Amino acid sequence: MTHANTIEKLGACPHDCPDTCAMIYTVEDGVLSGLRGNPEHPMTRGALCGKVRDFDRHHYNPDRVIYPMKRVGPKGAGAFERISWAEALDTIHERFSAIIAEHGAEAILPYNYLGNEGVIQGLTVGDAFFNKLGATVAEKTFCGSGSSTAWLLTVGPTNGTDPLSFSESKLIVIWGCNSVSTNIHHWHIVKEAQRGGAKVIVIDPYKSRTAKEADWHIQPKPGTDGALAMAMINVIINGNLVDNDYVEKHTVGFDQLKERAELFTPEYAAAICGVAAEDIRLLAHEYATTKNAALRPGVAVERSAGGAQALRAIFSLPALTGSWKDPGGGVYQMPLWEFPILFDRVCRPDLIPEGTRVVNVLQLGAALNGDLGLTPGLHGLMVYNANPVSNSAETAAIKKGLAREDLFTVVSEHFITDTARYADILLPATMAAEHEDLMFSWGHFFFTFNEKAIEAPGEAVSNAELFRRLAKRFGFTEPQFSMSEIEQMEHFIDWTSPKMGGVDLAGIRERGWLALNLGDPKTRTPHAEGNFPTPSGKCEFYSESAVKGGNFVAPPFRQMYGAKQSGETLDPLPGFVPANERPETNASQAARYPLNIVSPKSHGFLNSQYANEAHKIRSQGEQSILIHPSDAKTRDVDDGSVVRVYNDRGTFSGRAKVTDDVPPGVIVASLGYWHSLNKDGAVNVISSSRFGGMGHCPTYSDNLVEVRIEG
Ligand SMILES: Nc1nc2c(c(=O)[nH]1)N[C@H]1C(S)=C(S)[C@@H](COP(=O)(O)OP(=O)(O)OC[C@H]3O[C@@H](n4cnc5c(=O)[nH]c(N)nc54)[C@H](O)[C@@H]3O)O[C@H]1N2
Ligand SMILES: Nc1nc2c(c(=O)[nH]1)N[C@H]1C(S)=C(S)[C@@H](COP(=O)(O)OP(=O)(O)OC[C@H]3O[C@@H](n4cnc5c(=O)[nH]c(N)nc54)[C@H](O)[C@@H]3O)O[C@H]1N2
Ligand SMILES: [Mo]
């Protein structure tokens with residue numbers, strides 16, 4: 001029932017998730033009274049996940065930060081007092097200016113990620129401001145950077161297979177992706193294909209929700225996918241399952257790949273990854289001999305030392321078998337390259353002073369504690385769209401660094417998160433229904449518009465408004481610092497791109513979304529005739545660019561221009577790289593810490609978001625530690641025991657769930673729980689900040705720990 005003052009606004013989910021759902025907000029007398037999925041949207045089809053089904057309630061959470069505040073207790077205690085916006089901006093201006101005068105602008109680091117994913121309010125919202133300031137350039141490689149580097153080297157910046165094309169697939173390999181929880185709208189399509197006779201294979205070290213729904217679950221040890229994929233290549237080549245015509249016309253480096261793969265017999269790979277040689281043969285055979293065979297690797301594959309190299313091997317498979325020729329063949333990865341966003345206009349790399357240093361924010365703890373040898377050291381930090389104490393690595397070191405009395409920290413947030421507790425100045429940020437945004441997607445081919453539906457509570461401002469205010473206070477006069485959200489959309493998108501199909505901003509606002517003009521998903525085969533946007537125009541098994549060297553962290557994870565280039569070189573071919581922390585590679589560490597921990601996403605949280613809401617914690621359950629009965633037995637752990645997980649980097653606790661969903665030697669603890677609300681700490685205290693190789697990706701699946709019963 002609606003009444004006279006009820007209106008509807010077209011919205012878009014702001015979260016860092018491949019699905020980017022189109023929503024419809026209901027507003028009654030200026031109050032967000034409900035929302036639902038937009039049934040018109042071809043990909044998200046009116047369905048919302050459990051996390052945002054009550055998104056209206058999230059907006060009215062009484063714990064929200066709605067006024068600027070300053071810290072009044074010790075760092076970390078979370079005691080704040082309201083101040084005015086003028087005082088907040090003056091304090092930031094004064095403290096940043098003093099740091100710049102004494103140490104130079106590089107002593108300031110912006111730390112931001114994808115708390116909000118919009119083109120306007122998201123990852124890149126503060127880049128132009130901090131570039132103008134001359135701050136250290138932040139390299140942000142939490143997610144997708146290793147897989148993107150692998151993708152760009154192998155097939156170039158192509159969109160790959162449309163997720164909607166999976167309706168045509170006859171064999172679907174979901175590799176290191178828990179689609180049931182993390183990509184539900186793709187999962188619906190996979191399920192439909194499965195009901196229509198497609199075989200679904202899931203490759204995951206443990207029996208995830210998705211693995212439980214598979215026709216076949218293959219269980220490699222974490223971080224060993226490279227061996228498995230190279231063995232598939234070996235079987236395909238030696239079994240004469242190669243599409244010779246496709247390989248000849250549309251690939252480079254077949255002979256070198258063949259040579260590299262020779263070592264990886266199924267027996268050799270089986271000893272590394274723990275999958276039986278017969279199963280590897282069968283997997284390769286079924287993949288290569290089924291027409292319309294599709295691959296869906298998740299972000300999780302990259303999270304070990306060899307993850308990105310494994311992904312290069314995986315991305316090579318459809319060119320070997322010619323599956324790019326079939327609708328619903330090929331690979332669905334992260335189609336973010338396809339969106340005609342003018343990142344140079346958004347980020348303004350031209351404003352970066354020549355030679356400005358780059359710091360990778362996965363190493364925030366080491367950077368703050370003086371362990372990276374940075375000169376100048378860091379004296380100012382601004383965190384927005386991010387919660388490093390929950391989501392970064394080596395978080396005990398981050399907390400120690402954030403507690404430094406001489407560090408001036410600004411945080412813009414919805415809530416007093418584990419990170420916000422350390423802020424000197426805490427600023428209130430709007431939620432999605434309170435601002436305008438345009439969402440790209442890294443999981444489908446649609447732009448989605450988010451209309452402002454209600455006024456912000458208190459004095460909360462959008463990220464774009466925050467940086468407008470900061471730019472004004474610092475006297476920056478570049479035109480974009482005074483553009484409204486809508487003006488920025490006009491300026492940041494290449495509206496003339498053929499992919500936009502002639503639709504303008506008004507057109508997107510009216511409908512709520514726009515399908516990029518990339519062809520009918522039922523028949524689409526983007527690389528049937530090769531046409532890979534690589535330097536050779538072919539699928540590059542062997543990459544000349546890898547040997548030449550350069551900067552392999554793709555934008556927008558790092559703004560490439562102006563900032564110092566790393567000039568590294570990479571292996572020209574895909575392959576297997578053993579994990580950093582592995583019994584075979586570090587015996588003394590493994591003797592003390594014999595268990596591999598995997599820390600995937602929680603079904604009921606979005607990274608660390610919602611993990612502070614009682615009803616969301618109730619439905620997700622408290623922090624659990626999945627452990628195999630044999631590992632539990634040797635440690636006197638019973639189902640339901642409170643256990644402590646630890647290594648040299650830190651310790652956290654949770655409740656044991658004794659289950660053979662995990663294999664012996666592996667434990668699973670999901671991400672998101674807040675330190676302040678959990679029993680003690682959370683999973684990333686044990687995570688290493690060592691990179692996983694290509695693209696400086698993280699190593700969340702590459703950590704050894706021990707478990708003991710608490711008390
Ligand atoms: N162990 C382990 N660690 C991981 C991962 C893992 O799988 N395992 N995954 C990694 C991955 S893939 C990712 S993407 C990162 C995610 O890391 P983050 O991007 O830090 O993740 P979130 O918790 O989604 O968001 C961070 C904060 O942004 C705030 N926020 C949301 N919207 C806005 C806004 O509009 N304005 C402002 N100012 N703030 C806002 C939220 O309140 C939240 O506290 O975590 C990484 N960490
Ligand atoms: N519900 C929910 N959805 C989300 C998010 C969330 O926090 N919650 N976060 C969003 C974000 S930022 C991202 S990046 C995506 C990530 O989505 P996914 O790519 O699905 O990532 P995860 O859930 O971390 O891990 C997926 C699976 O990979 C497995 N895995 C871990 N290590 C390895 C390995 O070495 N090899 C193989 N083969 N498998 C491995 C894990 O056991 C897990 O079951 O999800 C997005 N969607
Ligand atoms: Mo992510």
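Colleague: How do the axes of helix 8 and helix 12 cross, and at what angle?
Modeller: This is a predicted model. In it, the axes of helix 8 (residues 225–238) and helix 12 (residues 277–289) cross at roughly 65°. They come within 9 Å.

Colleague: Left-handed or right-handed crossing?
Modeller: Helix 8 and helix 12 make a right-handed crossing.

Colleague: Which residues make the contact?
Modeller: From helix 8, L228, A231, M232, V235 and I236. Helix 12 brings I280, R281, L283, A284, Y287 and A288.

Colleague: Switching to ligand 2. How many residues surround it, and which are the closest?
Modeller: Ligand 2 is surrounded by 33 residues. The closest are D204, D225, R303, F605 and N607.

Colleague: And how does that shell divide?
Modeller: Around ligand 2 there are 16 nonpolar, 11 polar and six charged residues.

Colleague: What lies 2.8 Å from an oxygen atom of ligand 2?
Modeller: A polar side-chain atom of T182. Another contact involves the backbone: an N or O atom of N178 lies 2.9 Å from an oxygen atom of the ligand.

Colleague: Which residue has a polar backbone atom 3.0 Å from a nitrogen atom of ligand 2?
Modeller: That is S602.

Technical notes. Residues are numbered from 1 along each chain as its sequence is written. Chains are lettered from A and ligands numbered from 1 in the order in which they are written. This is a predicted model: local features need pLDDT of at least 70, side-chain atom pairs count only at pLDDT 80 or more; totals for chains, interfaces and linings use all residues. Side-chain values use heavy atoms; hydrogens and water are left out. A residue is near a molecule or strand if one of its heavy atoms lies within 4 Å of it. A polar contact is a pair of N or O atoms within 3.5 Å; within protein, one must be able to donate a hydrogen and the other to accept it, and residues adjacent in sequence count only if both atoms are side-chain atoms. Ala, Val, Leu, Ile, Met, Phe, Trp, Tyr, Cys and Pro count as nonpolar, Asp, Glu, Lys and Arg as charged, and the others, Gly among them, as polar. Axes are lines fitted to C-alpha atoms, for helices over the stretch in contact, and angles run from 0 to 180 degrees between N-to-C directions. Helices (H or I, at least four residues) and strands (E, at least two) are DSSP runs, numbered from the N terminus. A crossing is left-handed if the near helix is turned anticlockwise from the far one by less than a right angle, and right-handed if clockwise. Contact means heavy atoms within 4.5 Å.
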